[in-house]
Amino acid sequence: MIVLDVAVPVPLNKTFHYLPLEGVNPESIVGKRVKIPFGKRILIGYVVACLYIEEDSSLKLKQVMEVIDDDVLINSETIELADYISKNYICSLGEAYSSIIPVSMRAPKKISKKTKDVFELSYKKHILNAHQRNAVSAINASLDKNSYSVFLVHGVTASGKTEVYINAIEYALNQDKNAIMLIPEISLTPQFVDIMTRRFGSKIGVWHSGITNVEKYKLFHKAKAGEIKIMLGARSAIFAPFKKLGVIIIDEEHEHTYKQEQKPSYDAREIAKWRGKYHNAVVIFGSATPSLETYRDAQENKICLIELSERIDKKELPEVKIISLKERLFKTSLLLPETVDSISKALARKEQIIVFLNRRGYSPAIMCKKCSTVYQCPKCSISMVFHRNPDLVKCHYCGETKHLPLTCPVCKGRDVTVFGTGTQKVEDELKRLFKNAKIFRLDGDTASTKETYANAYTGVKNEEYDILLGTQMIAKGFDFPRVSLVCVIDADTSLYLPGFKSVERTFQLITQVAGRSGRGNIKGSVIVQTNNPTHYAIEHAKNHDFVSFYNIEIEQRKKMFYPPYCDVTKIVIRNKNEQKVDEDSENLFTFLKGLNDSYEVGLKLLGPVPAYIAKLNNTYRRHIIIKGERKKILHLVKFLESFKQSSGTFVGVEIMPSDLL
């Protein structure tokens, strides 16, 4: 009896047997996606093998409904990579396959004919400085050896890291190898597509969440067939099915967006290293503010450190001025007088300005002046955010939207006010103060389509806008030569969040957004408004001094026993019933602690505690944190399969989460 062994993207760590379609050679289906009945649902699975088993009348196997793919998608690398993801990120094989080969991508109704054009470089040589030449030389030497190696290109903002990447890509292509380049934000895609197309012609694929399922299908098959040579994109572009990978580049490697939060919670940086080893390829991490973990690896010679210590053409780093927001107490303006004056002067000189605030909406809270009640989302334990045009309150976590309350839900008083500042409010103030300035706001509310990002990039690049206002999506990567001033409205939005990376992220955000200034021939300046002007993260960001910040922060991590001195895992216990989630989280903690003690594993367990947002979309959440060696953590969490929780309780495991909130 012939059956198909199918990996299904469900949280059950096993494969399932299905009967092949009649009249179709079963062997020809191996390595393809199939549509299958699964319980009461119709799912898409991955055929990993064709098995010959003994005929058994008691077996009631269902039949495959449809073979989706004409070509085989799963090769030996895919099989090994899926196994690695399954074991290292605690997910099923089917879930691992779904991250490598998207379930959703589908063939176009009419497949266009293959293009016959030959890949040619439209390459304009740029003159490299001494630091760049040293970097390129080291990387090219490694490419010549055809052996796996990892580099950290640590360069100040505007030091020419992109040019180093491009030279590495060119060298790999000349060896008939492929390249993957990851960028942290979709907002940066238009800029990098523009750069790469001008340098390498049209044989570039662009992969991110904003493209359609048909586009994904076409790109996947073009990469597999060798019709494109470079894949540029966000996190999931790391899975581009190239057969001869030469170089993998992770730009702004410190960004948390490279870590997937949903299951399977893979880290694109770790996948890059895995694929680099598999292909004997070169992996390049680049950042002006590398993560503490990566920089420590470089300090310990686990990876090769390349320093780009000065800007291109020896341009000066922008002068950063720190202004205390305490001076603004009891004043109505969001912008301090010095900030307003600096913007006015930059506009008068026909220069451009970036205004940064990492908080969208109009005001982040609504409060009753009589009883001080803060209006919270009915589904989540977080305050709702006031938005203008139309006037609504929104939850940025579950999406709940309501009209602005006219009365307090607790005391029924009518003196309800909004307080705090979001990007909408800043936009209103900028329009009031600078009536003739053209402003583009780029945040989670305006960036609904990929066209928005392109409009922001081309609009500012072509000097159609005077001021670019936004959240963290404007804080890195953008290269606008006429931006002479960057204003950080509130540097403290992430400083005191209860996570071990909060201080590091604050330093990175300020340094990165400051680096958008003075990249052309105009001297740059930065104004940082903060309530904590003497905090070491802000002081060292002012001086563009990563190493001094690193030396302080790494000691804090050592004292508190957090990465890079250990590995961390977050276990999330969820239930719509608060009593059940409390009982199950306590029982699970006792269960894990007992195993840890009896096996003398030596791990440190913390919790259980309510999550930072304890209730999310009517579901209560509790966390257990495990710290220690990753191999031991993976061994311990395998026992979760034998833990019996209450009905309705879900237990999720995130290995090396981007935060513990």
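User: Why does Asp176 count as partly exposed?

Analyst: Its relative accessibility is 45%. Buried means under 20% relative accessible area, exposed means over 50%, and partly exposed is in between (1.4 Å probe, protein chains only). Asp176 therefore falls in the middle class. Before we go on, this is a predicted model, in which local features need pLDDT of at least 70 and side-chain atom pairs count only at pLDDT 80 or more, while totals for chains, interfaces and linings use all residues. Residues are numbered from 1 along each chain as its sequence is written, and side-chain values use heavy atoms, with hydrogens and water left out.

User: What makes the pairing of Asp176 and Lys244 a salt bridge?

Analyst: A salt bridge is a side-chain nitrogen of Lys or Arg within 4 Å of a carboxyl oxygen of Asp or Glu. Here the N to O distance is 2.6 Å, so the pair passes the cut-off. Asp176 sits in the loop between helix 4 (161–174) and strand 7 (178–182), and Lys244 in the loop between strand 9 (230–233) and strand 10 (245–251), so the bridge ties together parts that are 68 residues apart in sequence. The helices (H or I, at least four residues) and strands (E, at least two) are DSSP runs, numbered from the N terminus. Lys244 has 42% relative accessibility and therefore counts as partly exposed.

User: How many salt bridges are there in the whole structure?

Analyst: A search finds 42. Another one joins Glu300 to Arg296, with the closest N and O atoms 3.2 Å apart.

User: Is Arg296 buried or exposed?

Analyst: Arg296 has 19% relative accessibility and so counts as buried.

User: Which residue does Glu463 meet in a salt bridge?

Analyst: Glu463 meets Arg482, at 3.6 Å from N to O. Glu463 is in the loop between helix 11 (450–461) and strand 21, and Arg482 is in the loop between strand 21 and strand 22 (483–488), so this pair ties together parts 19 residues apart in sequence. Glu463 has a relative accessible area of 45% and is partly exposed; Arg482, at 26%, is partly exposed. Elsewhere, salt bridges with shared partners join Glu293, Lys501, Glu504, Glu553 and Arg557 into one network.

User: Why are helix 8 and helix 14 described as roughly perpendicular?

Analyst: The axes of helix 8 (residues 292–299) and helix 14 (residues 546–560) cross at roughly 100 degrees and come within 11 Å. Axes are lines fitted to C-alpha atoms, for helices over the stretch in contact, and angles run from 0 to 180 degrees between N-to-C directions. Angles under 35 degrees count as roughly parallel, over 145 as roughly antiparallel, 65 to 115 as roughly perpendicular, and the rest as oblique. The two helices are therefore roughly perpendicular to each other. Leu292, Glu293, Tyr295, Arg296 and Gln299 of helix 8 make the contact (heavy atoms within 4.5 Å) with Phe546, Val547, Phe549, Tyr550, Glu553, Ile554 and Arg557 of helix 14.

User: How is helix 12 oriented to helix 14?

Analyst: The axes of helix 12 (residues 502–514) and helix 14 cross at roughly 170 degrees and come within 11 Å. That makes helix 12 roughly antiparallel to helix 14. Val503, Glu504 and Phe507 of helix 12 touch Phe546, Phe549, Glu553 and Arg557 of helix 14.

User: Which residues touch the most other members of the largest nonpolar core?

Analyst: They are Ile85, Ile169, Met231, Leu442 and Ile571, out of 138 residues. A nonpolar core is a set of buried Ala, Val, Leu, Ile, Met, Phe, Trp, Tyr and Cys residues joined through side-chain atoms within 4.5 Å. Helix 4 gives the most to this core, with 7 residues. Ile169 touches Ala179, Met181, Met196, Phe200, Ile230, Val247 and Ile249, leaving out residues up to four places away in sequence.

User: Is Ile474 buried or exposed?

Analyst: Ile474 has a relative accessible area of 0% and is therefore buried. Ile474 lies in the loop between strand 21 and strand 22. Beyond its neighbours within four places in sequence, Ile474 is in contact with Ile354, Val355, Phe356, Leu442, Leu468, Leu469 and Arg516.

User: What about Thr619, buried or exposed?

Analyst: Thr619 has a relative accessible area of 14%, so Thr619 is buried. Thr619 lies in strand 26 (residues 619–628). Not counting residues up to four places away in sequence, Thr619 touches Arg574, Asn575, Lys576 and Ala614.
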